[in-house]
There are 2 protein chains.
Amino acid sequence: MYAKTMSAQPAIAPLQIQSVVDHVYSALRERILSGDLPRGTKLRQASLADELGVSRTPLREALRRLSTEGLVEFSPNRGATVSELDFGDMRHAWSARVALEPGAARLAAQRRDADAIAAMRDAVKLQRQAAGDGMDSFAANRSFHLALAAASGNPHLTRFAEMLWVPRIGVPIYQAQAAEPRGAAGWADEHEGIVDAIASGDADAAERLTREHVSAHPPVAPS
Amino acid sequence: MYAKTMSAQPAIAPLQIQSVVDHVYSALRERILSGDLPRGTKLRQASLADELGVSRTPLREALRRLSTEGLVEFSPNRGATVSELDFGDMRHAWSARVALEPGAARLAAQRRDADAIAAMRDAVKLQRQAAGDGMDSFAANRSFHLALAAASGNPHLTRFAEMLWVPRIGVPIYQAQAAEPRGAAGWADEHEGIVDAIASGDADAAERLTREHVSAHPPVAPS
DNA sequence: GTCGATTGGATTGGATACATTCGCACCGCA
DNA sequence: TGCGGTGCGAATGTATCCAATCCAATCGAC
């Protein structure tokens, strides 16, 4: 069906074939992270498969993938449910970020990759524009921190950061945090300081600033 | 079949039921990590399923789980192969550990969980006994560092540490490292120092010692 | 003789079918 | 009225089946 009539295509492009499993995985992941499928939701396979227009086989494989990511949980003979992530998990996620991101910033400063630094600056710019709006602001903040992790050039750290920045659990807490007196206002400035340190190759400063930044903004329970 | 005639059981024990998928997953994981299935091996579903005495469906689900863990890779219509992890990955893993473990040690020192500290001391003891033997020594070393991560009480950090300590890529490099002049000898002492710092609640010392310890032992390419 | 097309077997990807288990409602009985 | 047992419907877990794709060897043309 695919990849057959394209021998004359310009070039490389490892032809991004997506199997049905991949599509189902992406769709479910999106619906979970966006909150469309709230935590605790029982994922009945028959109806889900029907809804997505596929059979249960690829659906189950996608659910297995999501289960190793921790987004859904399997109970034997009782099926899959959307994981119950709560405030406690968010505290853990934040705590893990405090452990992770300073080290990532240090690596980034030693690496000084131009593209990565540009990506971080873009994220800062977006954050300034998004000031105020809760959802956009969260997305911009998340983008910055993911770009920071990616700038380390370490695939493990990048992957871990993505795991910790799960929007579904982050958004409500972040919104509560942004509503605090000295909320989201100065964050972009702090981010900018981190980028500058990285761009100048000052590893110690990058690490310190990141640690202070993350440590200074623990999650706040949504009211 | 299970869970039916046990109302008089003493207590909780969430009765560890393992589905066929779980068994297959564990078996494959073990065979991959132990090197029984070398990297690059094509995992033909029919023969594997036959060998394990199951059908292809649960086997495929187990392979999907392994793929999100990065241990196997899927190519569309070409099936699954054991991932090609090499020395570069090991350097990345080590680098990520440098970023991770000091923070974990800090958390552990703030927590001072008695059981966790005991587990770390056990690991140190095992390591002293295993001195010399390559495989056992690696296992003991791994146990210590995993115990350290677990002592942080942070599930994310624990999980990440497990991902980074993949024996298959670690063993050959570790052996090369242990063969170095001042190799595995003093490690147990350094570990002990870390445990003492954690047990006494000295977060700064725990973090610093861990950073120095991990940083001081970068991976060495196997000869 | 070498390169390209073709065809057949082997293998994967997905759909369907079947057995087992679970949850809930109904019923009987104290 | 409250509690435990029973049976049925629904949903899961696994096996089997079919179509689409890939790989390799053979065959043919230049």
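Biologist: What should I know about numbering and cut-offs?
Modeller: Residues are numbered from 1 along each chain as its sequence is written, and chains are lettered from A in the order in which they are written. This is a predicted model in which local features need pLDDT of at least 70 and side-chain atom pairs count only at pLDDT 80 or more, while totals for chains, interfaces and linings use all residues.

Biologist: How many helices and strands does chain A have?
Modeller: Chain A has 10 helices and 3 strands, where helices (H or I, at least four residues) and strands (E, at least two) are DSSP runs numbered from the N terminus.

Biologist: And in what order do the strands form the sheet?
Modeller: The order in chain A is E1-E3-E2, in an open sheet with antiparallel pairing; two strands pair if DSSP finds at least two bridges between them.

Biologist: Which strands stand at the edges?
Modeller: Strand E1 (42-43) and strand E2 (72-75) of chain A do, each with a single partner strand, so one side of each is left without a neighbour in the sheet.

Biologist: Which residue is the bridge partner of Lys42(A) in E3(A)?
Modeller: That is Thr81(A), and 2 bridges join E1(A) to strand E3 (residues 79-82) of chain A.

Biologist: Changing topic, how many residues of chain A are in contact with chain B?
Modeller: 26 residues of chain A are in contact with 26 residues of chain B, contact being C-beta atoms, placed from the backbone, within 7 Å.

Biologist: Which element gives the largest share of that side of chain A?
Modeller: H4(A) does, with 10 residues.

Conventions
Two residues are in contact if their C-beta atoms, placed from the backbone, lie within 7 Å.
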